[in-house]
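Reader: Please show me the structure. I would like to go through it in questions and answers.

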Amino acid sequence: MLLLSGVITSQAQTKSGWQSLFNGKDLVGWKQLGGKAHYEVKNGEIVGITVSNEPNSFLASQKTYGDFILELELFVDPSMNSGIQIRSLSNQDYMKGRVHGYQVEIDPSSRAWSGGLYDEARRGWLYNLEINPQSKSAFKNKQWNKYRVEAIGNTIRTWVNDIPTAHLVDDLTKEGFIALQVHSIGKNDKPGTQVRWKNIRIQTADLKPSPYDDIPVVNLLPNHVSAQEKAHGFRLLWDGKTTNGWRGAYKKGFPDRGWKLEDGVLSVEKSTGGESTNGGDIVTEQEYSAFELKFDFKLSEGANSGVKYFVTETEGNKGSAIGLEYQILDDEKHPDAKLGRDGNRTLASLYDLITANKVPASVKKIGEWNQGVIKVSPDNNIEYYLNGYKVLSFKRGSKEFSDLVTISKYKSWPNFGMASKGRILLQDHGDAVSFRSIKIREL
């Protein structure tokens, strides 16, 4: 009777499109990679157990998967960290076989990034829950949690207990294995903590993605607006090909020198290192009041630039146009990083007013692409993000804001930063800096 029940269950799963990845009895179909954490089957569950002084360990599917929908349940000790690898690889020509690829986070700590997306042994965090904080409460400690992962085409979406937690658009790896991680612990850490998995099942055919939702999208495809971004109201502010929608600051047309459009990248060309001494700043033809602006930028060594907003061009044609600024800077090599007050001219700061609260993981190496975000709410609350990390917030027009202006280089400008609307500006500071994937939605 038990055998017949198993056959009926298997047939029902196949008919519904689901296939079980775990037979509930042993680890057939799986192999261990990386460290030597202990994996066993107990009470119809896969149990992963930490071992001291071992690197990250992975129980990997022997099959690889490209497009799929994955569901499973897990129970994790609140003191440990874990994850679910998807579309992951282990090749001898990459870090001597180290497991690398997309990881769905299991994070029972107070940070609460469960369901976020990390790129194991490659790029680090791709989608942390600081950009989707309302989903931090989805994971529940000391109980079973249900995870769902949809990897369809270039889109990876995750849910924890039916709450959407991450939405990533990326094309780096299209196929790989699925693996259950036991995170490393040090030689002096107590071993024996457990993470348990059950009801692991997958669909690979006739996939139907879930309806779009309201959580933010991290899109790593250049100059691309995904379907969910479009549903949220985003559009390209620069089309990736032409100068349409942009002109030189204080000018009728786009600069005839100093800027280069090539292979979907808009670049300031290296000149003297001074403000607006070559092509000059460029601004949007349209003005904006409340908006969310996303942009990718890449610095050359020692470079300085910025993204300004509420730019009115009313101060006269002298140097760079005035506006609130998201500073773009090589903090290590450019002298501006040591000027101002308390680092308020460093990367991702509100230039000369508020210092960005950066963590090491939020800063890319010079020559790598960064993602910046400026959110200007209708109530004048403004937030800056750098590579998925919120680095500062302030309220335009507040007493705190006004007090900062009075001790800044802008103290002599009447009503600095308080225009009801203005243009968005990319700065020519005479250094080589590149932009792409410039998107906006009006709020």
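Author: A residue is called buried under 20% relative accessible area, exposed over 50% and partly exposed in between, using a 1.4 Å probe and protein chains only. The model is predicted: local features need pLDDT of at least 70 and side-chain atom pairs count only at pLDDT 80 or more, while totals for chains, interfaces and linings use all residues. Residues are numbered from 1 along each chain as its sequence is written, and side-chain values use heavy atoms, with hydrogens and water left out.

Reader: Are Phe295 and Phe297 buried or exposed, and at what angle are their planes?

Author: Phe295 and Phe297 are both buried. Rings of Phe, Tyr and Trp (its six-membered ring) pair if their centres lie within 6.5 Å; planes under 30 degrees apart count as stacked, over 60 as edge-to-face and the rest as tilted. The whole structure holds 18 aromatic pairs. In this one the ring centres are 6.0 Å apart and the pair is tilted, because the planes stand at 35°.

Reader: How many residues apart in sequence are Tyr384 and Phe394?

Author: Tyr384 and Phe394 make an edge-to-face pair, with 6.4 Å between centres and 80° between planes. Tyr384 is buried at 0% relative accessible area, and Phe394 is buried at 8%. Strands here are DSSP runs of E of at least two residues, and helices are runs of H or I of at least four, numbered from the N terminus. Tyr384 is in strand S26 (residues 381-386) and Phe394 in strand S27 (residues 389-395), so the pair ties together parts whose separation in sequence is 10 residues.

Reader: Which ring does the charged end of Arg396 sit over?

Author: A charge sits over a ring if NZ of Lys or CZ of Arg is within 6 Å of the ring centre and within 35 degrees of the ring normal. One aromatic cluster includes Phe295, Phe297, Tyr384, Phe394 and Phe310. The charged end of Arg396 is 3.7 Å from the centre of the ring it sits over, that of Phe310.

Reader: Which residues are linked with Glu71 in a network of salt bridges?

Author: A salt bridge is a side-chain nitrogen of Lys or Arg within 4 Å of a carboxyl oxygen of Asp or Glu. Glu71, buried at 7% relative accessible area, meets Lys146 at 4.0 Å, N to O, and Arg201 at 2.9 Å, N to O. Lys146 is partly exposed at 33%, as is Arg201 at 29%. The network links Glu71 with Lys146, Arg148, Glu150 and Arg201.

Reader: Which residue stands opposite Val311 in S28?

Author: Two strands pair if DSSP finds at least two bridges between them. Strand S23 (residues 304-311) pairs with S28 in the antiparallel sense over three bridges. In strand S28 (residues 423-426), Arg423 and Leu425 on one side and Ile424 and Leu426 on the other are all buried. The residue opposite Val311 is Arg423.

Reader: Which strands are at the edges of the open sheet of seven strands?

Author: The order is S2-S5-S14-S7-S8-S9-S10, with antiparallel pairing. Each edge strand pairs on one side only, and these are strand S2 (30-34) and strand S10 (124-127).
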